[in-house]
Structure formats: structure tokens, C-alpha cells
Amino acid sequence: MSRTSGSRIVEETTLKSGHLERLATRIETPGDRPSLEVRTPVTDETIGAIPACTADDVVDAVERARSAQVDWERAPVDQRAAVLERFGDLVLKRREELLDVVQLETGKARHHAVEEILDVPLTCSYYATNGTSILADDDRAAAVPLASDATVTYDPVGVVGVISPWNYPLTLAMTDAIPALLAGNAVVCKPDERTPFIALALANLLAEAGLPDDLFQIVTGDGATVGPALIDEVDYVAFTGGTETGRTVAERAGRNLIGCSLELGGKNPMLVLDDADPGTAARGAVKGAFTNAGQLCLAPERIYVDDRRYDEFLDALVGATRRLDLGLEFDYGPEVGSLIDGDHLESVREHVERAVADGGSLLSGGRARPDVGPFCYEPTILTDVDPDSRVACEETFGPVVSVHPVSGVDEAIERANDSEYGLNASVWTTDRERGRAVARQIDCGTVCVNDPYTVGWAATDAPMGGFGDSGLGRRHGPEGLRRYVDARTIATSRIGPLDAPPGVSPRWFARFMLGLTNVQRRLTRWLP
Ligand code: NDP
């Protein structure tokens with residue numbers, strides 16, 4: 001397909017003329033603000049502009065959100081759930097338009113963008129179905145059985161700030177916002193300045209689904225200005241992005257004494273055991289390492305293969321990788337798309353060149369492909385990589401994977417755990433029980449057996465997050481909802497104050513309480 005120039009790239013999509021300009025009008029600022037250009041990695045041309053919001057704009061947005069939240073919190077959970085279910089339906093219905101916006105902003109292959117679409121209705125349905133029970137009052141063990149009781153209630157924290165990255169701009173703007181809204185909070189979202197339009201499109205769909213005005217707002221602009229201002233105003237911040245930015249978010253949240261969840265980077269290991277099917281494992285490696293051109297926090301970047309399977313696995317992996325079709329069409333043809341921009345292309349190129357200079361061997365890829373797109377890079381396989389080189393230790397976040405032979409499962413586990421990160425891992429074996437046993441020994445928040453990441457990510461009932469430098473807190477599951485509520489314990493006494501009744505000597509009362517405590521401890525130990 002021949003490429004058109006300027007914003008005419010939008011005409012290659014199904015989007016109507018002026019669509020992106022109309023989306024930008026959703027951002028409210030009291031006065032004129034400088035514009036930030038948004039460029040598409042498909043052609044590196046400008047496709048639109050957004051206002052560079054100021055700290056005052058953030059204060060205004062949070063204030064509006066705070067007023068709207070009061071009534072939303074009072075609405076029954078079922079009513080909030082119904083809005084989110086309708087939103088999930090709308091995301092599915094308008095998928096073609098949303099896919100076009102995601103592809104324009106990120107340059108990713110369309111079938112990788114579909115994963116983003118699928119995630120939103122799944123998350124909506126999970127929380128809509130389970131939210132009532134997760135948020136229901138919870139009876140707990142009493143201080144003195146029969147004489148007292150204890151119940152926990154859950155109240156929304158108020159306004160949640162969601163700071164999201166560019167790599168999965170649809171999923172990651174929403175996956176943290178959905179449970180926050182369901183819990184009765186308002187949300188102010190700051191998308192990455194490179195990918196604001198999909199967040200704006202989702203804000204429109206939330207409104208169409210019946211979400212009251214001002215409950216979900218977008219503030220756009222430079223992260224270093226808008227991010228800290230947002231953290232200073234909200235009651236909780238859900239951040240997804242790089243580890244170094246995550247540290248600054250945590251510091252600021254700590255100073256403000258608000259809670260935060262941090263979903264950060266990874267250097268994810270994949271372990272191919274001696275009983276694995278090499279063809280299946282290679283198929284999984286291709287899917288994991290090259291989805292979204294490797295710009296996926298869960299993507300495997302280092303693969304440890306049992307000596308006995310190494311040659312077969314490598315042959316299958318190299319064959320499948322060389323067959324991948326790189327391209328930028330707005331349809332399901334190409335299998336791998338673009339990197340996000342020129343800086344990121346340079347960083348990926350540098351990782352590979354340094355690895356080769358340090359003795360690594362290139363088995364496939366290793367070249368930029370400006371003939372396909374300005375920031376395209378070939379899916380790349382490295383072997384003989386120095387374990388201390390950047391590509392072996394630091395997150396590359398591109399279509400680059402290194403493969404290492406290991407002498408057995410113990411070495412595979414040891415090398416997998418030799419990292420500051422701990423986000424996601426996968427284990428490949430024909431024996432799922434063995435896979436589970438190995439998974440327990442891997443220091444990562446998610447370990448998938450016989451799949452690179454989807455079975456973990458799409459299990460919306462199960463928590464997802466990182467160990468070590470990969471983050472703090474969890475999204476998905478009950479944990480992903482409970483982070484957005486304050487727990488209050490209400491305890492009542494049937495016998496008045498738990499103190500010596502009138503006329504009972506303190507000595508006798510102390511003896512009685514010690515005896516009672518002993519009985520209680522024994523009962524707790526014996527009773528199921
Ligand atoms: P960044 O940390 O640079 O940016 C993430 C978001 O934070 C952007 O919206 C950015 O805004 C904003 N931001 C920038 N500076 C600040 C600040 N001082 N305070 C608050 N917010 C700020 O990450 P990348 O954009 O480079 O994203 C890639 C990284 O994200 C990778 O390391 C990847 O592994 C990680 N990631 C983790 C995921 C997970 O679930 N664990 C999922 C996806 C990505 P702006 O860019 O507009 O300035």
C-alpha cells in the first residue's frame with residue numbers, strides 16, 4: 001500500500017475526517033494552552049494536537065471529579081456495574097474505530113491491538129459481576145466472642161489518578177480505571193502525551209454508556225508537569241510505566257500519604273524444560289517476544305533452554321521468526337508493527353549492537369527497516385550473549401530476545417531469578433504439574449505455564465503485578481478493587497465497655513481476662 005502524506009494517513013483508516021480534532025475538544029482548560037503535536041509512528045507525521053495542561057488545569061479537573069463523586073458513591077453498586085457493562089458492550093461495538101486510533105497512535109499490528117479491545121469488556125464484566133460481593137460488609141472474628149462483634153466496611157477513597165503509558169494505551173488507561181469507578185470513585189487519567197486520543201475516545205464511550213459528567217476526566221500534557229500535579233491532588237494513584245518514573249511516583253505518593261500501585265518494567269524469563277515440545281515453545285516465544293514489536297511489559301526477553309532441547313528449539317524459533325511479516329497496514333495482514341518513535345528505535349538498536357560487539361551472535365533480524373516504516377525494527381534473536389551485557393540485564397522493550405542453553409531445570413530457575421525485576425515468567429513443559437512446581441520457585445508476580453502471558457493477564461480474577469523493581473500492589477481480582485477503598489472496622493460490644501464491671505476488683509478481672517484469652521487462643525488453634 002502506498003503511503004499518503006501529512007494527516008492524510010488518517011484517510012487510510014475508517015475514521016471520519018475531523019475525528020481526532022473532535023476528540024481533543026473533550027479536554028477542558030479555562031484558557032488557551034500551548035498545543036502538543038501528536039505524531040503517528042506509521043509515517044512520523046503529525047495527526048493532531050492536544051493542550052499542554054498546567055498544574056492549575058489538573059487542580060480544576062480533580063475538583064470537578066470530586067464534586068461528581070459524591071453522588072456516584074451513593075449510587076448502588078449494581079447501578080455503577082450496569083454503566084460499566086454498557087461501556088464494555090460499546091467498546092466491542094465500536095472496535096473498528098478504536099482499533100484505527102490505537103494503530104495510528106502506536107503503529108502496532110492490528111491483531112495485537114485486538115488484545116487491547118478484548119481486555120476491556122472482560123475487565124468490566126469481571127468487576128460488574130463480582131464487585132458487589134468484594135465490596136460487601138465483611139463480618140470478622142470478634143474480640144470477645146458472644147460479647148462483641150466486628151464488621152469491615154469499604155468506602156471509596158475519592159478521586160483516583162491513573163497515569164498510563166503508550167504501549168497499551170487503550171487497555172492500560174482502562175484496566176485500572178474500571179475497578180476504581182466500580183468502587184465509587186471518580187478517575188482523572190493522564191495518558192502518555194504520544195497516545196492521548198484513544199483515552200479521549202474511551203472517555204466519550206463512558207459518557208455514552210451513562211457515566212455521569214466529570215466522573216472520568218482526561219488531562220493531557222508532559223508527564224513531568226501533569227504527573228506530579230495529579231499525584232498532589234488525588235487520593236490514590238495507579239501508575240503504569242518505567243521503573244525510574246515509578247520510583248518518583250512512589251516518593252511523591254509517600255510524601256502525600258496516599259496509596260499507590262506501580263506496574264513497572266520487566267526482564268521476563270522463559271524456561272524451556274527438557275520435556276517441552278520445542279515447536280510449541282518456539283510458537284510461544286514468537287508470540288510473547290514479538291507481540292506489539294516487543295513493547296509489552298510481560299514479553300519474554302531472555303529464554304533459558306535445556307541443553308537437550310536447545311538445537312531443536314532454536315531451529316524452530318529462527319524459522320518462525322524469519323517468516324514473520326513486518327508491516328503497517330490498517331488491516332490484519334502484517335504480523336509485527338512499528339516501535340513507538342525514533343528515540344526508542346535508537347535504544348533498541350543500541351542494545352543489539354552492544355550485544356553483538358560483546359560477542360553475541362545474531363541469528364535473525366538486527367536491522368532497522370525504514371523501507372517498511374520509519375521506526376520499524378526486525379524481530380531479532382541473539383545467542384552467545386554476555387550475561388552482563390545490557391541486552392541480558394536491562395529491559396529492551398523491543399522485538400529482541402536472547403536464547404541461552406542451560407544444563408537443567410535448577411540452572412534455568414537460578415538464572416531466571418538472577419534479576420532485579422520480577423514481573424512475568426513462563427515455563428514450558430509437557431507436564432503441567434511439573435510446570436506448576438517450577439513456577440513456585442520463580443520470583444515473579446505472574447508465572448504462566450505453556451503460554452507466554454495471556455493465560456495470566458486474561459485471568460481477571462487473579463492478581464497481576466510485579467516483585468522487586470517490577471512494582472508494587474496488584475491489579476485485577478479482588479486485590480485490584482480493594483486498593484481503591486478505605487477499610488473501616490465497626491466493632492460493637494453487647495456488655496458495655498470491656499473493662500471490670502462495677503464492684504469487681506481489678507485483680508479478679510485481670511485473672512478472668514487472662515483465662516479467657518487462653519481459652520480463646522486454644523479454641524482458635526483447635527477449631528477449623
Ligand atoms: P514512563 O515511565 O516514561 O511513562 C509512563 C507515564 O508516566 C506516561 O504517561 C508519562 O507521561 C508519565 N510520566 C512521566 N514522568 C512522570 C512523572 N515525573 N510523574 C508522573 N508521571 C510521569 O514509561 P514509558 O512511557 O517509557 O513506558 C514504558 C515503560 O512502562 C516500560 O518500562 C514498561 O515495562 C513499563 N510498562 C509496564 C507495564 C506493567 O503493567 N507492568 C505495562 C506497560 C508498560 P509522558 O510520557 O506524557 O511524559
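A: In the unreviewed UniProt entry, the annotation "active site" covers E263. The model examined here is a predicted one, and within it E263 belongs to strand β9, which spans residues 259–263. The relative accessibility of E263 is 7%, and the residue therefore counts as buried, the cut-off being under 20%. When neighbours within four places in sequence are set aside, E263 is in contact with F239, T240 and G241, and also with M464, G465, S470, G473, R474 and R475.

Two helix pairs may be described next. Helix α2 (residues 55–74) packs with helix α9 (residues 223–233) at an angle of about 35 degrees, their axes lying 9 Å apart. The crossing of α2 and α9 is right-handed. On the α2 side the contact is made by A55, V58, V59, V62 and R66, and on the α9 side by V226, A229, L230 and E233. By class, seven of these residues are nonpolar, none is polar and two are charged.

In the second pair, the axes of helix α4 (residues 95–106) and helix α5 (residues 110–135) come within 9 Å and cross at roughly 120 degrees, which makes α4 oblique to α5. The crossing of α4 and α5 is likewise right-handed. Here R95, E96, L98, L99, D100, V102 and Q103 of α4 meet R110, A113, V114, E116 and I117 of α5. The contact of α4 with α5 comprises six nonpolar residues, one polar residue and five charged residues.

Note on methods. Residues numbered from 1 in each chain as written. Predicted model: local features only at pLDDT ≥ 70, side-chain atom pairs only at ≥ 80, totals over all residues. Heavy atoms only, no water. Axes fitted to C-alpha atoms, helices over the stretch in contact; angles between N-to-C directions. Helix = DSSP H or I, 4+ residues; strand = E, 2+ residues; numbered from the N terminus. Parallel < 35°, antiparallel > 145°, perpendicular 65-115°, else oblique. Left-handed = near helix turned anticlockwise from the far one by under 90°. Contact = heavy atoms within 4.5 Å. Nonpolar A, V, L, I, M, F, W, Y, C, P; charged D, E, K, R; others polar. UniProt positions renumbered as here; feature names shortened; annotations may be inferred. Buried < 20%, exposed > 50% of the residue type's maximum accessible area, 1.4 Å probe, protein only.
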